[in-house]
Amino acid sequence: MSLKKVHDSQPKDFKFSGENLKKAEEILKRYPEKNKKSAVMPFLYLAQKQNNNWIPLAAMKYIANYLSMPYISVYEVATFYTMYNLAPVGNHFVQVCTTTPCLIRGADKIVKLCKEVISPNENEVSKNGNCSWMEVECLGACVSAPMIQINDDYYEDLDEKSTKEILSSLINNKPLKPGSYRGRKNTSPEKKLSINGENHA
Ligand code: FES
């Protein structure tokens, strides 16, 4: 997304909703008063959840004020971790794991499909505003490679056909179910195992 678009989409103000204010107060109880700025990461996460999955500059200023810490320190944390989105993302936000295990099992084909179906560049919202995608490092589900994360859900054991169906369902705003697309339950084997003549699920 261009800098101008990011600039134009910045809201002037931000404050936590009533519900998030309560959550913020609960979070603060985990830290001694003198270390309350340690709450900056969960606060950023709350702000992201509240603001359609991205954190505007106004939210960083609000959090800095709330935790009595310099705005630049909040900005440093927000820009260091890739899990914080600093520009608008689609309602269906696709993160494609392209670390080695996923890559050798076809993550490059998933990236190609994202470019074709969603948008030619990562971090660019699709024409109908429904979706955006980005490449990320290992999401900890290597056993089900290749995989993608869509908002909070994992879609695993993918191939070109299943990925195409999933991405099309997002564009049409009717997301398919998360989970394994080879019919596995969690990380169990696909077929029953036979050990010493006995069947094991
Ligand atoms: S390498 Fe893709 S989930 Fe670990």
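Because the model is predicted, local features are reported at pLDDT of at least 70 and side-chain atom pairs at pLDDT 80 or more, whereas totals for chains, interfaces and linings use all residues. Residues are numbered from 1 along each chain as its sequence is written, and side-chain values use heavy atoms, with hydrogens and water left out.

The C-alpha atoms of the protein occupy a box of roughly 65 × 40 × 30 Å along the principal axes. Seven helices and seven strands are found, where helices (H or I, at least four residues) and strands (E, at least two) are DSSP runs numbered from the N terminus. Read from the N terminus, the order of these elements is α-α-α-α-α-β-α-β-β-β-α-β-β-β. The domain assignment, which is automatic or taken from a database, divides the protein into domain 1 (11-80) and domain 2 (92-180), and the C-alpha centres of domain 1 and domain 2 are 29 Å apart. Among contacts (heavy atoms within 4.5 Å) between residues at least 6 apart in sequence, 61% join residues at least 24 apart.

Of the 201 residues, 42% count as buried, where buried means under 20% relative accessible area, exposed over 50%, and partly exposed in between (1.4 Å probe, protein chains only). The protein carries 27 positive and 22 negative charges, and the mean positions of the two sets are 3 Å apart. In this count Lys and Arg are positive and Asp and Glu negative, while His and the chain ends are not counted; the place of a charge is taken as NZ of Lys, CZ of Arg, CG of Asp or CD of Glu.

Within the helical part of the model, helix α4 (residues 57-66) is mostly covered, with seven of its ten residues buried. These buried residues are A58, A59, M60, Y62, I63, A64 and Y66, and they pack against α2 (18-28), α3 (40-50) and α5. In α3, the buried residues are V40, P42, F43, L44, L46, A47 and Q48, and the elements that cover them include α2, α4 and α5. Helix α5 spans residues 71-80 and contains S73, which is partly exposed at a relative accessible area of 22%.

Most residues other than glycine have a negative phi, and most peptide bonds are trans. Just after α3, N52 takes a positive phi of about 50°, and α4 is followed by S68, whose phi is also positive and near 50°. D157, which lies in the loop between β4 (153-156) and α7 (160-171), has a positive phi near 55° and counts as buried at 3% relative accessibility. N173, placed in the loop between α7 and β5 (179-180), has a positive phi of about 60° and counts as partly exposed at 43% relative accessibility. In the loop between β2 (131-136) and β3 (148-150), where P146 is found, a cis peptide bond joins A145 and P146, with omega about -5°.

Helix α7 also contains K164, which counts as partly exposed at 45% relative accessibility. K164 and C114 are 50 residues apart in sequence, yet their C-alpha atoms are 8.6 Å apart in space. As to the cysteines, C102 is buried with a relative accessible area of 2%, whereas C142 counts as partly exposed at 34% relative accessibility. A search of the whole structure for disulfides, defined as pairs of cysteine sulfur atoms within 2.5 Å, finds zero.
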